[in-house]
Structures are given as C-alpha cells and as structure tokens.
Amino acid sequence: MQGAPFRVAPSANASEKTLLVLEAALNHARFTDVVEATGLAKATTHRILATLVESRFVAVAADGSYLPGPKILSMAGRALARIDISAIAQPFVDALVQKVHCTVHVGVANGEEIIYLIRSDSDKPYQMPSRVGHSIPMHSSGIGKVVLSGYTDDELERFVARAGLPRRTDHTITSIQGLRDELVTVRRKGYALDNEENVMGVGCVAAPVRDHTGTIKYGLSISTITVEHTMEQVEAMSVLAIATADKISAALGHLT
C-alpha cells in the first residue's frame, strides 16, 4: 500500500511526527522516500526512525530497507483477531436501509457458501426469506457472485468442481461458461445482480466488501421482492450499494 506524500504541518508535535514517520516507513522501504513522504528534515526523520527501530516497531533489512517490525506485526495480529465485521458494518447498513427502504444483507464467504452476518429489514410489511447464520450458494446469489468475481480462472474451476452449480430456480446459472460470462460483467460493473436466481420472486443487487488486504471476503446486498421493484429499479440502487460497501471496506482497513 503506497500512501500519498503528506507534508507535516509546521505546528506538528513530537507524537504527530513520530506517527507520520511510522506510517511512511510502513509504506516506503527507502530512507529518501520516507523523508519525501513526511516532509520532515533528514536529521529529524533519521532520529525518529532510530527510535522506532530500537522499540521494534520498524525493522531494517540487510540491504538497509525498512520493514514492519515485530511489535507492529504483533499489534496488527491482535487487532485483526478482534475485528467484528458485524459491529463495524451495522451503522452503515442501518443508514442504507433508511435510504432504500429494502432489506440489506452482509455476508461472508465460508467454504463454497455465503453465510449471512447481518440482515436489516426496512419498514415494509414483508420480510426476506433469510436469517443471520443462514447459508446460500455462491453461484446463485448476488453476494456470492461478487466474492467469486475476485477468483482467478483456476480458482473458479476448482470451486465449481467442489460445489457444482445446482439449480435453485429456473433463472439459476448452471454452466461454468455462463458463470464465467456473468463474472466478467460483475467485474466490469462493480456489482452483481440476483434476478430470482436463488429464490423466485426475490431480486437483489450486491457490491463487494474488501478486507485490509483488498481481498473480497464479504459482500453487501440490497434485496426486495420483484412485485415491488423491477430489476431495472433494483440495479439503479447499485450506486448506493457500492458506496456503502466501500465505506465498510475502508472501516476494515482497505485503502484505495
């Protein structure tokens, strides 16, 4: 991850300068690049880096380049272990429900299936046939398709070999070529549609949620019944789905 150059404010205190150098050293391997990224004097940058190396937040490779140190890696591991995507995503989901007045789901890839982590309903008198903890196939769901859109061709073939492409409705994609073609569209548009492919009478638009590494592990969907919204209307909500999914990704540490 490459951070954009940031010039330190003249009034920055010692703590702010230390954090600035630490961030730069995690993004840049060379001393000159760290200096350029921070806008600090070379002597100041060198002094702070020496302290960070001594305290094991930054390490120095044999060629003199900077690397994340063991202490920062340990802290990162503990922080990642404590991530609760449901708690992180819920406020964004609730805000989206208020805008679209539809059910919003967040799901995570688990083997060959998607597991719902969040289901937030609107003020409509009906509810989606889903629940938190419920599993659905990847190939027939919007969230599943956005996860699959991050797969390589080889990964997709192995997925199909393991899971198959069972028919859920008359609209389900059941051929690997059909799925490949669908995923090309998903990658190009940045969102996926479920046009009654998992449950008849239910449609959705889904957007990818990325973790701190940029991997699509999660997805967010806006779901409705097709007697209330046409698929054109569902697709029109893709902008809001993408915007909300991007906010969740950013909260998970994904840097664009």
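Author: A disulfide is a covalent bond between the sulfur atoms of two cysteines. In practice, a disulfide is taken to be a pair of cysteine sulfur atoms within 2.5 Å. This is a predicted model, in which local features need pLDDT of at least 70 and side-chain atom pairs count only at pLDDT 80 or more, whereas totals for chains, interfaces and linings use all residues. Residues are numbered from 1 along each chain as its sequence is written, and side-chain values use heavy atoms, with hydrogens and water left out.

Reader: How many disulfides does a search of the whole structure find?

Author: The search finds zero disulfides. Cys102 is in no disulfide, and the nearest cysteine sulfur, that of Cys204, is 11 Å away. Cys204 is likewise in no disulfide, with the sulfur of Cys102 as its nearest, 11 Å away.

Reader: Is Cys102 buried or exposed?

Author: Buried means under 20% relative accessible area, exposed means over 50%, and partly exposed lies in between, with a 1.4 Å probe and protein chains only. Cys102 counts as buried because its relative accessibility is 1%, and Cys204 counts as buried because its relative accessibility is 5%.

Reader: Which strands does E7 pair with, and how is such pairing read?

Author: Strands (E, at least two residues) and helices (H or I, at least four) are DSSP runs, numbered from the N terminus, and two strands pair if DSSP finds at least two bridges between them. Four bridges join E6 to E7, and these strands run antiparallel; Leu193 stands opposite Val205 in E7. Nine bridges join E7 to strand E8 (residues 216–225), again antiparallel, and the bridge partner of Val209 in E8 is Tyr218. As for cover, eight of the nine residues of E7 are buried.

Reader: Which residue takes a positive phi in the hairpin of E6 and E7?

Author: That residue is Glu196, with a phi near 55 degrees, in a hairpin that has six residues between the strands. Glu196 is not a glycine, and it counts as buried because its relative accessible area is 15%. In the hairpin of E7 and E8, which has five residues between the strands, Gly214 takes a positive phi near 90 degrees.

Reader: Where does His101 lie, and what is its phi?

Author: His101 lies in the loop between helix H5 (85–100) and strand E3 (103–110), and its phi is near 55 degrees, a positive value in a residue other than glycine. His101 counts as partly exposed because its relative accessible area is 31%.
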